[in-house]
Each structure stands twice: as C-alpha cells, then as structure tokens.
Amino acid sequence: MEYLLRKPFVALLGLLLIFQAHAQTDSLQQAFEQQVASGQKMDAFATGDLLASSYSVENDIGKGTPHAFRLLDFVKSEFKGRARDSLMAIAYDQVAVILGSDPGPPNQAKSYLDSAVVLMEEFGMWNRAAHVYSNKATFLNRLSQYAEAITYLIKAQDTILEHDVDGNDSYTLWSIYLNLATGHRNLAQYNEELTYALKSYESLDPDQPEKSDDVLYRLGYSYQLIAIAYSNLKELDQAKSYVKKGIAIFEKTGQERAILDLNNTLATINKEHAK
C-alpha cells in the first residue's frame, strides 16, 4: 500500500524535474546568446559548456548536436593561441558526448574524443581528461574493442587517483569499476570481472551507516555485478547470496525493474545449480 501511495508522487516529481530541466536549458540558451552578442567571450564559453552538458543529460540530440558544433566554431573563431587549444579540448569532448548519444555508429564521436584526449593531456586538464578516457572506453565498447576500452578505463582510474580528481569522487570510481567488470566479462576474464565488481562495492564506503537512496541503488547494482561474476566462476552459492542482498537493497528503494532483473539472475543461477 505504501508503494502505491508513493508511486504517483514519484511520477509527479519526475515531471517536475523534466520541466525544470527544460526551463534551465532555455535560460542558458538565452544567456549564451546575450553573452556572445555582447562580446563576453569567457562567460559565453562557460555558459555554452554548461548548456551542452545539459543537452547531453537530457539526451536531446536534436538541440544538443547543433549547439555543440556551434560551441566548437565559437572557440575556433573567437580565441587564439593556447587559450584556444585548451577550450577546444572541452568543446571536442562536448561534441563527442552528444554525438555518442546517437544510437548510430560511434566512429565520428570517437574521432572528436581522440582530439580532446591529445589536448587535455598536453594541458594537464586531468579533471576533464578522466571523464574523456571513460567516455572513450564507452565508444570502444560499442565497437566491440573491449581490450582497448579496458586500457582507457584504467587510465581514467589512474588519473583520478594520481591527480585527486574530484577528491577521488566515489561515484566516478564506482562507474569505472563497474565498466571494468563488464569489460572483463566480455573477454571471459571472470577472475578480473570479480575483482572489479568487488572494487565497485568497496568504492561506495558500504560501512557508512547513513546512505542516500542513490548510494543504496549503486550498492544494489554492485551486488548484482558481484553475483554475476561469481556465477561465471561457477561459485553458485556465493552468487545467490549476493543476489539476495541486492534484492533486499532494491526493496528498500522501491526499484521494481532492478528487483525483476535480480530475480531473473537468480533464476539463471538456480538453473545452473540444477545441472
């Protein structure tokens, strides 16, 4: 009964967030145009960068693609020298990310990421570089180039740890470990898959007593990842125990789809037990 009462509220909250997101992009678009017109170059670039990120988050390819290319052209025409090159690195990244949102072939996005990586490494832009490495791994995975994708994920991890990117942000590391586990699974390297699945769990400070729904969700997803790795290693009792832990987490957060996925994983494990 409690879930049925909460469900309309969650749906209403989701609609409210969508309206807020659209309002934000409209406001940013107006600010960007005004700053370009008044010659406020750096302010215009900062606003344009934020607007490109907003379009990417909303997965709005229709508006995001022309804006990302306009941002790139703006940098090329309005800046010079090293300042131009450093800002182009960010603009290349924005173009690549919005192009990568398109379900079509990722080759074009990958070429822009290659350009972004070269410039970010040259200028020591490690904060953005770590995310670009991770983005590049995503595109390589879509091309089924799993071993090369793993190389870039390791670079992203090392960059975060060596340069204290985002204060060694746990969410970024969690997503990298998750993708490393999946990458090794694609290569049938199941011991390595388990290693990174466990790292994804450990990166979330699981012993912290107070956890937000977002952290709980990621913990539940890590449990699922660990369960799959143990199942691939034929350690089925361990796999079942982590599936049950994941289900318990998602029951707390009301994630019905995640519970369904874990129950399907459990059914697969039970079939393996029956053999």
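Here is a friendly walk through some helices, rings and loops of this structure.

Before we set off, note that this is a predicted model, in which local features need pLDDT of at least 70, side-chain atom pairs count only at pLDDT 80 or more, and totals for chains, interfaces and linings use all residues. Residues are numbered from 1 along each chain as its sequence is written, and side-chain values use heavy atoms, with hydrogens and water left out.

Let us begin with a residue in a helix. Helices here are DSSP runs (H or I, at least four residues), numbered from the N terminus. Ala68 belongs to helix α3, which covers residues 61–78. Is Ala68 buried or exposed? Its relative accessible area is 1%, so Ala68 is buried; the word buried means under 20% relative accessible area, exposed means over 50%, and partly exposed is in between, using a 1.4 Å probe and protein chains only. Ala68 touches Gln94, Val95 and Ile98, leaving aside residues up to four places away in sequence, where contact means heavy atoms within 4.5 Å. Another distance to look at is the one from Ala68 to Leu99: their C-alpha atoms are separated by 9.2 Å, while the two residues are 31 residues apart along the chain.

Next, two loops deserve a look. Most residues other than glycine have a negative phi. Ser144, however, has a positive phi near 65°. You can find Ser144 in the loop between α6 (126–142) and α7 (146–163), and Ser144 counts as partly exposed at 47% relative accessibility. Ala188 also has a positive phi, near 60°. Its place is in the loop between α8 (170–186) and α9, and the relative accessibility of Ala188 is 47%, so Ala188 counts as partly exposed.

Now turn to the aromatic rings. How many aromatic pairs does the structure hold? There are 12 of them. Rings of Phe, Tyr and Trp (its six-membered ring) pair if their centres lie within 6.5 Å; planes under 30 degrees apart count as stacked, over 60 as edge-to-face and the rest as tilted. One of the pairs joins Tyr201 and Tyr223, a tilted pair with 5.5 Å centre to centre and 35° between the planes. This pair links distant parts of the chain, with Tyr201 in helix α9 (residues 190–202) and Tyr223 in helix α10 (residues 213–232), 22 residues apart. Tyr201 is partly exposed at 23% relative accessibility, whereas Tyr223 is buried at 12%.

Tyr217 and Phe250 make another tilted pair, with 5.5 Å centre to centre and 50° between the planes. Because Tyr217 lies in helix α10 and Phe250 in helix α11 (residues 236–253), the pair ties together parts that are 33 residues apart in sequence. Tyr217 has a relative accessible area of 29% and is partly exposed, while Phe250 is buried at 0%. Both belong to a cluster in which ring pairs link Trp174, Tyr217, Tyr221 and Phe250.

Charges meet rings here too. A charge sits over a ring if NZ of Lys or CZ of Arg is within 6 Å of the ring centre and within 35 degrees of the ring normal. The charged end of Arg218 sits over the ring of Trp174, 5.9 Å from its centre. Likewise, Lys245 has its charged end over the ring of Tyr242, 4.4 Å from the ring centre.

Finally, let us see how some helices pack. Axes are lines fitted to C-alpha atoms, for helices over the stretch in contact, and angles run from 0 to 180 degrees between N-to-C directions. The axes of α11 and helix α12 (residues 256–274) come within 9 Å and cross at roughly 165°. That makes α11 roughly antiparallel to α12; angles under 35 degrees count as roughly parallel, over 145 as roughly antiparallel, 65 to 115 as roughly perpendicular and the rest as oblique. Among the residues making this contact are Val243 and Phe250 of α11, together with Leu262 and Leu266 of α12.

Helix α10 packs against α12 as well, at an angle of about 15° with their axes 11 Å apart. That makes α10 roughly parallel to α12. The contact is made by Gln224, Ile228 and Ser231 of α10 and by Asp261, Leu262, Thr265 and Ile269 of α12. Gln224 is buried, with a relative accessible area of 12%, and touches Asp261, Leu262 and Thr265, not counting residues up to four places away in sequence.
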